[in-house]
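Colleague: Could you walk me through this model and tell me what stands behind the terms you use?

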Amino acid sequence: MLLKDEVGMLQRVPLFSGIEPAKLKLLAFTSDRVNYSAGEILFRQGDEGDAAYVILSGKADILVDSDSGPIKVAELLPNSIVGEIAILCNSSRTATVRAATSLEVLRIRKDHFLRLMKEFPEMTIEMVRVLADRLSHTTADLIDARNA
Amino acid sequence: MEPSLTRYIWRHTRKQQIWILAIVLLSMIPYFMSFNLPKLIVNGPIQGKGFEQPGATLPFMRLHYDLPFIGEVQFFSGFQLDRTATLLALSIVFLLLVVINGLFKLYINTYKGRLGERMLRRIRFDLIDRVLRFPPIYFKRVKSAEVATMVKDEVEPLGGFIGDAFLQPVLLGGQALTAMLFIMVQNVWLGMIAVVIVVIQIVLIPRMRRRLLVLGRQRQLTARALSGRVGEIVDGIGAVHVHDTSNYERADIAARLGLIFKIRFDLYQWKFMVKFLNNFLAQLTPFLFYMIGGYLVIAGRLDVGQLVAVIGAYKDLPGPMKELIDWDQDRQDVQVKYQQVVEQFSVEDIIAPSIGALTIDDPGRMTNPLSAVGLSIADDGGAMLLNRISMQVRPGETVALVSTSTGGAEALAEAFARLNWPESGKVASGADDLLELPEAVTGRRMSYASSDVFLFQASLRDNLLYGLKHAPLTSVTYEGAAADKQRWNIDEARRSGNPDFDIHSDWIDYVSAGATGPHDLFEAVRRVLDAVLLSRDILDLGLRSSADLTRHTKLAGRIVELRAALRTRLEQEGLRELVVPFEPGAYNTEATIGQNLLFGAAAGPELADKALAANPYFASVLKQAGLDRTLYEMGMEIAEQAIELFADLPPDHQFFQQLAFMSAEEIPAYETLLQRLKNRPYEAVSEADRAMIITLSFAYIEPRHRFGLLTDELMGKIVAARNQFYENLPPQLQNAIERYDPDKYIAAATVMDNVLFGRVGTNHPDAPDRIRSIVYDILDELGLYAELLDVGLDFNVGAGGRRLTGGQRQKLDVARALLKRPDFLILNRPLSALDQRIQDKVLRNVLEEARRDGHSPAIVWVVTSPAMAMMFDRVIVFDSGQLVEDGTHETLLAGNGIFKELLS
């Protein structure tokens, strides 16, 4: 996949949709393209967060440790971003991400990601929107869980 | 050292000064003869005096003297020569005298120069010798750069002066006196005038120069302080940047330079003022001669001839006088410099020379207990760190010193290491005061490591073995020219009062490290490195550095085996795609285009980096292969993309780390270049511009940069160009490149690159770590682990060891202390930069390693955490400079004292 295709992919990621293509190209250029085969781990729960990942192709599972072993809580599809929370909060990874199929991702380093957020407010706003959206979903889930 | 320079010079060069004086006096004979000779030539053969008769001859070289009572005695009647022959003979004598005078001058100057240089060498050595014997407290007060300037710069002028120290006044004084006497003989009154003026000069000028001396001293002190500050800025550059104080430093330096300028300018003004006065006085005398002498002539009390003779003689007076006064100025100047330096180097409590005397024989073991007797130690400000402590460490005992923050255990450890001298009481080994034992005993039978490590700028190996270099243990035999040189070295060293220990001898005391010679020393080294957990770090350094093949032959010899083993292992673990190997007939997609073209490691500047594209031979190969145009177009594309991506970013933006093609500073240059070359046909582009653009393509790696510029066809062409390049490689480039050969070790590449013989794929984030651990496994399996460790030991640690991390430095210090296998091992918070888990591990290893082979040294360890004390026979607790608890770990734990409190 060439740089310009990656830019096309990034444009489809909601988080980056507001950013002009030239800047996305820079982001793609300065990020590492990484391949994983099925079953390989991108990062583990509890690790220190040093990068965020954009899925270019393939699928990955989000796993959370529990007493009865890891539980799959979600699936990542192409164009989704994962791992950004640990970067933003300076916390450790809240879940494990494992490649479900052979996987191509763009690995954006922490310092690059933070720099981008500083330079592109539209991206930051989008980021906040996504997070808020997730929070409202989580809250709704929690209420459902309480009521159940 | 002598407080007076004159006395110092006289003491060390008395004989030489007398000798050179004698030679100078001897040289006066031909010198004065050559004065008289022109008169003889002109009057005799040229004007024909004595040759009035044609065919007349005169004796030449007749030796005859009028002796009292005996009358004229003739020793030699001389040769009878006619006019022309006499002219010839006298001219030849003249030439002979010129040569003799010249040779005398050469000899005298060489002798003086050598004398001065020897003395300079002696002074410098004496100074450094004193530095080596200063008491520890002195070093808390001086800046190293200041000491260095004193030794290097401030004594330098002394060398020039020493040869003239006694000669010049005798010589010039003699000349001045002769001229004076001559004037006196002509006319007493005129002579008196000259005397008065000279006396005024002698009295007044040095007086005025006193201010020059004061200024000179100030200049010396301010310059020394400046070099101290510069040294401080360099050493503390981190602190300067961290606190944004660079402008404070700028202000400080500017202020100092301003002061130095002012002093120097004052010096100039005053100097020329003195010069003016001196010249004026010298010229005043002829004025008086003309006026008073003229009056005397008019009055008829002096004849004209005498006046002219006096004025003529006076011409010879100011010269020597001036030089004499200059000499005196020099003397005072260097005397001041010398005193300034000697003052700085005269310290109380200097260590006696016998303490550090060279001892070749093994001093024998320290079997007496080490004790502190009523020991008090104060810090520089006078506060008590330890207050009348008495304790004893028996041989073979392991003792943990536990201390509250003001406890003073560290001061005790420093006192054991003689780094901190007692305020009162003493540290003793048996009945002897430790400070009176020679360093040959304490430095060999005791070891000390602390958190404050100093490493020399040398290899890791040299630093590690530094603790074993006590004395030259082998005598090196030199042959031929080297033997002559060595004899000369020894002879000169002795003449300058320097020691003649041979630095090329083997200084390493193998026996104390438990080895018998260079061949089995490595085992001991490896054990101590393992003990302090430093081996892995050194292996990493070894992998990243290029091996010296003259030393590490094994690695090169088995490289094929190593590469094959790596391939097999990667295959077995299903990691084949992690490394793309170099294959002579194939394009390596993970390597740059430049690497693929060159397919070798640049061993010289001709084909390295930016020079490659501009190399004429390389350019011609590209042209032949039909690649020049393709790569140019590719370079243009890359330039466009790179500028599009990066042009708007500030030059310090961290994204630039990702841009392999050009640096942030080069962007504007490429921007203009691109504008200029756009739409210009390839043929119209100059060679230099082409090279600029083609260079960009050399850094391109398709999977990493993903511009989509590399086609299969292009790859094929590149491989073909590679072969062409090597086929016709001109002889002058043969040594500039080492071709990648699967069967050969590449000396210019790192060990890691040699083993990999390929490129790690960019698509696997953890590939480097995985490969590294596989490489270690393989090296171990093939028995090359030690070899790699040895390569790592070649690593230069940098100034003060700063290329290592703090933790690595501390580990190295402990390893160095262990390697000596001492009777008393003193460790003063030695691993404070490491986390507690590693500290515990190293502690356990060190205790075990120290006791290997039935050795049982006493170990005194100032621990950073009280929990570590569990590992020791005995625990001593300090609080506020007092020894508060002393016992085994169990007893202290059972009691309810400070130790228990500290533990919880």
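Modeller: The C-alpha centres of domain 1 and domain 3 of chain B lie 74 Å apart. This is a predicted model, in which local features need pLDDT of at least 70 and side-chain atom pairs pLDDT 80 or more, while totals for chains, interfaces and linings use all residues. Residues are numbered from 1 along each chain, chains are lettered from A as written, and side-chain values use heavy atoms, leaving out hydrogens and water.

Colleague: What makes domain 1 of chain B a domain?

Modeller: Its bounds, 5–209 + 269–345, come from an automatic or database domain assignment.

Colleague: Why is the link between R706(B) and E6(A) called a salt bridge?

Modeller: The term needs a side-chain nitrogen of Lys or Arg within 4 Å of a carboxyl oxygen of Asp or Glu. Here the closest N and O atoms are 2.6 Å apart, so the pair qualifies. The count between chain A and chain B is three salt bridges.

Colleague: Which helix gives the largest share of the side of chain A that touches chain B?

Modeller: That's α2(A), with seven residues; a helix here is a DSSP run (H or I, at least four residues).

Colleague: How much area do chain A and chain B bury between them?

Modeller: About 2100 Å², 53% of it on carbon and sulfur atoms. Buried area is the accessible area (1.4 Å probe) lost when two parts are put together, summed over both. L26(A), F29(A) and R115(A) supply 31% of what chain A buries against chain B, more than any other three residues.

Methods: Helix = DSSP H or I, 4+ residues; strand = E, 2+ residues; numbered from the N terminus.
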